[in-house]
Amino acid sequence: TPLRPPPAKQTWSITPADTLEHICGWIVACADGAHAKFDAVHIMAHGNRAYVQIGSDNISATHCAPFVKLKDKTRWIVFWSCLVGSDDDSGNFPHGHAEYFGAHISRMTSANVLVARQEQTYSWSAQVIDFGDWEGPVDIFHPNATADIYQEPNPFRAVPKLDLEKLIFP
């Protein structure tokens, strides 16, 4: 299925039996092939605070060690998942703190990591997945331990809109 923007070069379907070790290994094998390094790896799956539901063992701040295989294999990792960067006012973080999730994966892969704080909806028309604008703030964690927030509501300044295509392909 085509993605907009920009068109995907390769897509893979993950089964409930695929382990995170296998998923990361497959990404590395493809990057080591004709590509050498990806511009971006997009992961589209259900999410929750500091958690992505994918494969047999899922991804969380406490279960992300296989991502170390992706070190220097991609410039960006984009999680198209709801709530991954959201905070929990209760202080209950069963999968680790949301900020730690993005920052940790960014440091271990040397990639910029993008996570959404709110639920996301996507429109489907003409057999094209059009992700459109992100709903609510998104966090971008950088390998140098800095972070940016896009679309954060702030009455004192214009809301910076996230243009993913310009970020990945400056």
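Residues are classed by relative accessible area as buried (under 20%), exposed (over 50%) or partly exposed (in between), using a 1.4 Å probe and protein chains only. The structure is a predicted model, in which local features need pLDDT of at least 70 and side-chain atom pairs count only at pLDDT 80 or more, while totals for chains, interfaces and linings use all residues. Residues are numbered from 1 along each chain as its sequence is written, and side-chain values use heavy atoms, with hydrogens and water left out.

Aromatic pairs were assigned to rings of Phe, Tyr and Trp (its six-membered ring) with centres within 6.5 Å; planes under 30 degrees apart count as stacked, over 60 as edge-to-face and the rest as tilted. Trp12 and Phe38 form an edge-to-face pair, with 6.3 Å from centre to centre and 80 degrees between the planes. This pair links distant parts of the chain, 26 residues apart: Trp12 is in the loop between strand S1 (3-4) and helix H1 (20-35), and Phe38 is in strand S2 (residues 38-44). Helices (H or I, at least four residues) and strands (E, at least two) are DSSP runs, numbered from the N terminus. Trp12 is partly exposed because its relative accessibility is 34%, whereas Phe38, at 10%, counts as buried.

Phe67 and Phe79 form a tilted pair, at 6.3 Å centre to centre and with 55 degrees between the planes. Here too the pair links distant parts of the chain, with Phe67 in the loop between S5 and strand S6 (74-80) and Phe79 in strand S6, 12 residues apart. Both Phe67 and Phe79 are buried. Ring pairs join these two residues and Phe101 into a cluster.

Asn58 is located in the loop between strand S4 (51-53) and strand S5 (59-60). With a relative accessible area of 15%, Asn58 is buried. Polar contacts are pairs of N or O atoms within 3.5 Å; within protein, one atom must be able to donate a hydrogen and the other to accept it, and residues adjacent in sequence count only if both atoms are side-chain atoms. The side chains of Asn58 and Tyr51 are joined by a polar contact of 2.8 Å, and the Asn58 side chain also reaches the backbone nitrogen of Ile54 at 2.9 Å. Leaving aside residues up to four places away in sequence, Asn58 is in contact (heavy atoms within 4.5 Å) with Leu20, Tyr51, Val52, Gln53 and His63.

The structure contains zero disulfides, a disulfide being a pair of cysteine sulfur atoms within 2.5 Å. For Cys64, the nearest cysteine sulfur is that of Cys24, 9.2 Å away. Cys64 is buried at 3% relative accessibility, and Cys30 is buried at 13%.
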